[in-house]
Amino acid sequence: MIILTSLLEANEYLGPSAVAIGNFDGVHKGHRELISRTADIADRCGLVSDVFTFLNHPVNEIAGKCIIKSIMSPREKAQAIEDLGIDVMVAIPFVDRVRMSSPQEFARDILASDLHCRHAVCGYNNSFGYRGAGHPADLVRFGKEYGFDVTVMEEYDIDGRAVSSTLIRQKLEEGDVVAFSRLTDRRYSISGRVMQGQHLGRTIGFPTVNLSLEEDMALPMNGVYVTDIYVNNIKYHSVTNVGNKPSVGKFSKNAETHIFGFDGDLYGKNVKVEFIDLLRPEIKFADIEHLSAQIEKDCEAARQYHGI
């Protein structure tokens, strides 16, 4: 998949295209269906399949601060979209030209002209143009005027509830990583380079690998989770504490993962932790002895969950 980061690049590179329009944070099941439909239309009509999205969330850009936290990093989002068979992703900053365009100007100048759109695909609740004044019915009308067809995807429901990025963030805040998996068709995960910790886990018999967590990302509720960790693409069963370690001081929120059946130094290595289920919320213990006893119980519960 080719990634373009400006409308100028898109104008010069793209041929006639089928364009999926949206922010697509989390690439949940509704997004996946919309993007897959775009790829199918492109294949059937001999068009380039294209996703048009933003590098920065429009709400955050307008506010000048992080109000809506990202579910996925740009790299993860791009990979998920590529896996759905898309040829080109146009991911641009929410610049003034887009921000100040009227719905008609967006359809005419950006979709029809810059993106060479011949078929647009959007969600039932999509909004576009200045202050989000344009809606799917407007896009259909402008498409007839400027030479592109429009497919409007219906609401995607699970258990009678519309799947949305907002719902996914809510489930993460509740620690419901099982629901996250059901809504997205994948496990919630964090990736990064193992950082130097306080070595407290090692001193009480439970060595961990430590990952920092970014404040502008949607993060799970503080607690202990059953997890898998990937080291050099090898999967190990594990248990992970997400939180601020209230029993031993004041710390920034991070993730500490104890790996079953692994004995080695991972400092500076890149790992990926996948979350399977919540064991318990984070608790502040009176002393290290009580903390150590609970960690032992958590490890045993996680082993039983993993069947090891």
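Residues are numbered from 1 along each chain as its sequence is written, and side-chain values use heavy atoms, with hydrogens and water left out. As the model is predicted, local features need pLDDT of at least 70 and side-chain atom pairs count only at pLDDT 80 or more, while totals for chains, interfaces and linings use all residues.

Helices (H or I, at least four residues) and strands (E, at least two) are DSSP runs, numbered from the N terminus, and two strands are taken to pair if DSSP finds at least two bridges between them. Six strands make up an open sheet with parallel pairing, in the order β1-β4-β3-β2-β5-β6. At its edges stand β1 and β6 (149-153), each with a single partner strand, so one side of each has no neighbour in the sheet. On average, neighbouring strands of this sheet are turned by 20° against each other, direction ignored; the axes behind such angles are lines fitted to C-alpha atoms, for helices over the stretch in contact, and angles run from 0 to 180 degrees between N-to-C directions. The parallel strands β5 and β6 are joined by five bridges, and His 119 has Asp 149 of β6 as its bridge partner.

Helix α6 lies across β2 (17-21), β3 and β5, and runs at about 120° to β5.

The interior comes next. A nonpolar core is a set of buried Ala, Val, Leu, Ile, Met, Phe, Trp, Tyr and Cys residues joined through side-chain atoms within 4.5 Å. The largest has 49 residues, and Ile 35, Val 51, Ile 190 and Phe 275 are those with the most contacts inside it. Helix α2 (residues 29-45) gives the most to this core, with five residues. Leaving aside residues up to four places away in sequence, Ile 35 touches Phe 24, Val 27, Val 51, Ile 81, Leu 84 and Ile 86. A second, separate core of 26 residues includes Leu 7, Val 90, Phe 94 and Leu 139.

β13 is joined to strand β10 (residues 209-212) by four bridges in the antiparallel sense, with Ser 212 facing Asn 254 as its bridge partner. Six bridges pair β13 with β12, also antiparallel, and here the partner of Ser 238 is Ile 259.

Aromatic rings follow. Rings of Phe, Tyr and Trp (its six-membered ring) pair if their centres lie within 6.5 Å, with planes under 30 degrees apart counted as stacked, over 60 as edge-to-face and the rest as tilted. The structure holds nine such pairs. Tyr 236 and Phe 262 form an edge-to-face pair because their ring centres are 5.1 Å apart and their planes stand at 75°. The pair links distant parts of the chain, 26 residues apart, with Tyr 236 in β12 and Phe 262 in the loop between β13 (254-259) and β14 (270-281). Phe 262 is partly exposed, at 26% relative accessibility. One aromatic cluster is formed by Phe 52, Phe 54, Phe 94, Phe 106 and Phe 128.

His 116, not a glycine, has a positive phi of about 50° and sits in the loop between α6 (103-114) and β5 (117-123); at 18% relative accessibility it counts as buried. Asn 233, likewise not a glycine, has a positive phi of about 65° and lies in the loop between β11 (223-231) and β12 (234-243). Asn 233 is exposed, with a relative accessible area of 76%.

Finally, with a disulfide taken as a pair of cysteine sulfur atoms within 2.5 Å, the count comes to zero. The sulfur of Cys 45 is 11 Å from the closest cysteine sulfur, in Cys 117, which is too far for a bond. Cys 45 is partly exposed at 45% relative accessibility, whereas Cys 299 is buried at 2%.

Conventions
Buried means under 20% relative accessible area, exposed over 50%, partly exposed in between (1.4 Å probe, protein chains only). Contact means heavy atoms within 4.5 Å.
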